[in-house]
Amino acid sequence: MAPYPCETSSRTALTTGALLRGRPITSTTLSIRPPTYGAQQVKLALAIFVICQLGNFSIHMALRDLQPAGSKSRKIPYPTKNPFTWLFLLVSCPNYIYKLVSWIGFAIMTQCLPVALFLLVGFTQMTIWAKGKHRSYLKEFCDYPPLRTPIVPFLL
């Protein structure tokens with residue numbers, strides 16, 4: 001299955017989003033504001049971004065390991081010894097949480113309105129995907145953990 005339900009429109013959206021996010025950050029003609037809280041803001045936001053990217057990678061590796069090569073069988077994802085996978089206790093799609101929080105870090109780091117808008121659109125789209133995946137897990141597995149929510153622990 002493709003990483004996105006509708007790959008062509010997602011590629012277009014991702015390309016457009018990349019152009020909107022990158023133009024204000026890399027432009028030499030636009031005035032770039034210094035970080036409101038100085039270097040500490042950038043360092044903290046970068047740490048959030050990097051940690052969440054590691055979490056996202058860990059979730060993708062855990063999901064990859066659920067399905068042996070060539071198999072079509074699916075299993076319920078559970079946390080492993082890797083602490084980044086512990087979000088599986090609370091949500092069906094922890095990779096989306098990691099992506100969202102990493103974009104929050106990036107938005108804080110850059111203080112760029114197009115990044116914040118991309119974050120909002122990305123959150124909306126990933127929520128739709130997470131709800132669909134959560135519904136399919138509930139239909140497919142009668143023993144699916146009942147306390148899990150699709151994307152935001154205890155809320156959504």
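**View 1. The order of the elements along the chain.** Read along the sequence, this predicted model follows the pattern α-α-α-α, and the chain contains four helices and zero strands. Of the 156 residues in the chain, 33% are buried. The chain exposes about 10,200 Å² in total, and carbon and sulfur atoms account for 69% of that area. When contacts between residues at least 6 apart in sequence are considered, 69% of them join residues that are at least 24 apart.

**View 2. Helix α2 and the residues it buries.** Helix α2, which runs over residues 39–66, has 28 residues and reaches 41 Å from its first C-alpha to its last, close to the 40 Å expected at 1.5 Å a residue. Its buried residues are Gln-41, Ala-45, Cys-52, Gly-55, Asn-56, Ser-58, Ile-59, Ala-62 and Leu-66, and what covers these buried residues of α2 includes α3.

**View 3. A nonpolar patch on the surface.** Leu-46, Val-50 and Leu-54 together form a nonpolar patch on the surface, with about 240 Å² of accessible area among the three of them. Is Leu-54, one of these residues, buried or partly exposed? Leu-54 is found in helix α2, and because its relative accessibility is 45%, Leu-54 counts as partly exposed.

**View 4. Asn-95 in helix α3.** Asn-95 is found in helix α3, and at 5% relative accessibility it counts as buried, because buried means under 20% relative accessible area. Once residues up to four places away in sequence are set aside, Asn-95 touches Asn-56, Ile-59 and His-60. Asn-56 and Ile-59 are themselves among the buried residues of α2.

**View 5. The largest nonpolar core and a second one.** The largest nonpolar core has 16 residues, of which Leu-87, Tyr-96, Tyr-98, Leu-100, Met-126, Ala-130 and Ile-151 touch the most other members. The elements that give two or more residues to this core are α2, α3 (94–110) and α4 (113–140).

**View 6. Helix α4 and the residues it buries.** The end C-alpha atoms of α4 are 40 Å apart, which agrees with the 40 Å that its 28 residues should span at 1.5 Å a residue. The buried residues of α4 are Val-115, Phe-118, Leu-119, Gly-122, Met-126, Thr-127, Trp-129, Ala-130, His-134 and Tyr-137.

View 7. Pro-35 lies in the loop between α1 (7–26) and α2, and because its relative accessibility is 30%, Pro-35 counts as partly exposed. Which residues does Pro-35 contact, leaving aside its neighbours within four places in sequence? Pro-35 is in contact with Gln-41, Val-42 and Gln-111, and of these, Gln-41 is listed among the buried residues of α2. The C-alpha atoms of Pro-35 and Met-109 are separated by 7.3 Å, although the two residues are 74 residues apart along the chain.

Terms used: Residues numbered from 1 in each chain as written. Predicted model: local features only at pLDDT ≥ 70, side-chain atom pairs only at ≥ 80, totals over all residues. Heavy atoms only, no water. Patch = residues over 30% accessible without salt bridge, like charges linked within 9 Å, V, L, I, M, F, W, Y side chains within 5 Å. Areas by Shrake-Rupley, 256 points an atom, 1.4 Å probe, with all protein chains shown as cover. Salt bridge = Lys/Arg side-chain N within 4 Å of Asp/Glu carboxyl O. Buried < 20%, exposed > 50% of the residue type's maximum accessible area, 1.4 Å probe, protein only. Core = buried A, V, L, I, M, F, W, Y, C linked by side-chain atoms within 4.5 Å. Contact = heavy atoms within 4.5 Å. Expected span 1.5 Å × (residues − 1).
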